[in-house]
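Here are my notes on the structure, as promised. Have it open while you read.

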Amino acid sequence: MKKLFMLVGLPASGKSTCAEILTKTEGALIVSSDAIREELLGNVNDQTKNEEIFKEVENRILYGLKNNNVIYDATNINYKRRMEFLLKIKNAKKIAILIATSYEECLERNSKRKRKVPEDVIKRMYYNLDVPQTYEGFDEIRIYFNTDKYYSILDLLKKLSKIPQDNPHHTLTIGKHCGKTAILLNDDMSIVGLLHDIGKAETKTFINAKGEETRIAHYYNHENVSAYMSLFYTDRRNTEKQLEIANLIRWHMLLHKELSEKTIKKYKKMFGEETWKKLNLLYEADIQAK
């Protein structure tokens, strides 16, 4: 059976380097969205015809899989787009490879590249990156940590404990709220509570969705940032557990919304009953730990 390796990662995270290695170890073809953009539009930074570009990317992948293993080299940050594409792959093993490089390191590496991606583009992707999960249709998920930096939960929480939330929904600082949420959960879930809001410091803004200045803070997409950050603070020897923690964090704001029975049924089917129960436990602890 042929293999599809879908790379997932921010610009300058190291995806292309990983792709080059895979060509040697797996004998795979590389299909790169950047290369096709350059080929068809004459400018790798031209974002005017994204749908056409990704349609061509998909066609080349599907054709390539007839006789070869294929590497899909693109950022691939959105879970819905990944799911839609994976449905088209019928006779290949589908493997996600997440290149885990911190946002700060990506910015630093990007600044040293000849072709630089605008910082606001990298930031937008960072705020919207979904850590891949098997329910999307992957047969296997690998995480490659492209960093030498040391990450300390203790140091992080000390920093976050000094940052007020400036929001009427919370009275505690970010760090103290995370700590209290962890205490309210059982041993298996406590790490999720401890890390569920760690992206708030980076996403904190006093500008609302309409672009207006406000007196209270907003934390748009903090769940995505927290989920991605959690990978650097959990046991890298246990990918399955890392993915579970990231998934619960990514979706922990879901139950804060009013959901229809149809929507609840959809998510229960996607996640599974056990994950849905854990999301409810996290929601209850999150509410109590104000």
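1. A word on terms: buried means under 20% relative accessible area, exposed over 50%, and partly exposed in between (1.4 Å probe, protein chains only). This is a predicted model, where local features need pLDDT of at least 70 and side-chain atom pairs count only at pLDDT 80 or more, while totals for chains, interfaces and linings use all residues. Residues are numbered from 1 along each chain as its sequence is written, and side-chain values use heavy atoms, with hydrogens and water left out.

2. Salt bridges come to 18, counting a side-chain nitrogen of Lys or Arg within 4 Å of a carboxyl oxygen of Asp or Glu. One of them joins Lys3 and Glu26 at 3.3 Å, N to O. It ties strand β1 (residues 2–8) to helix α1 (residues 15–26), with the partners 23 residues apart; helices (H or I, at least four residues) and strands (E, at least two) are DSSP runs, numbered from the N terminus. Lys3 is partly exposed at 24%, and Glu26 is partly exposed at 22%.

3. Have a look at Glu244 and Lys278, whose closest N and O atoms are 2.5 Å apart in a salt bridge. Glu244 sits in helix α12 and Lys278 in helix α14, 34 residues apart. Glu244 is partly exposed at 24%, whereas Lys278 is buried at 13%.

4. His196 counts as buried because its relative accessibility is 0%. Among the residues that His196 touches are His222, His252 and Asp286, contact meaning heavy atoms within 4.5 Å.

Note on methods
Lists of a residue's contacts leave out its neighbours within four places in sequence.
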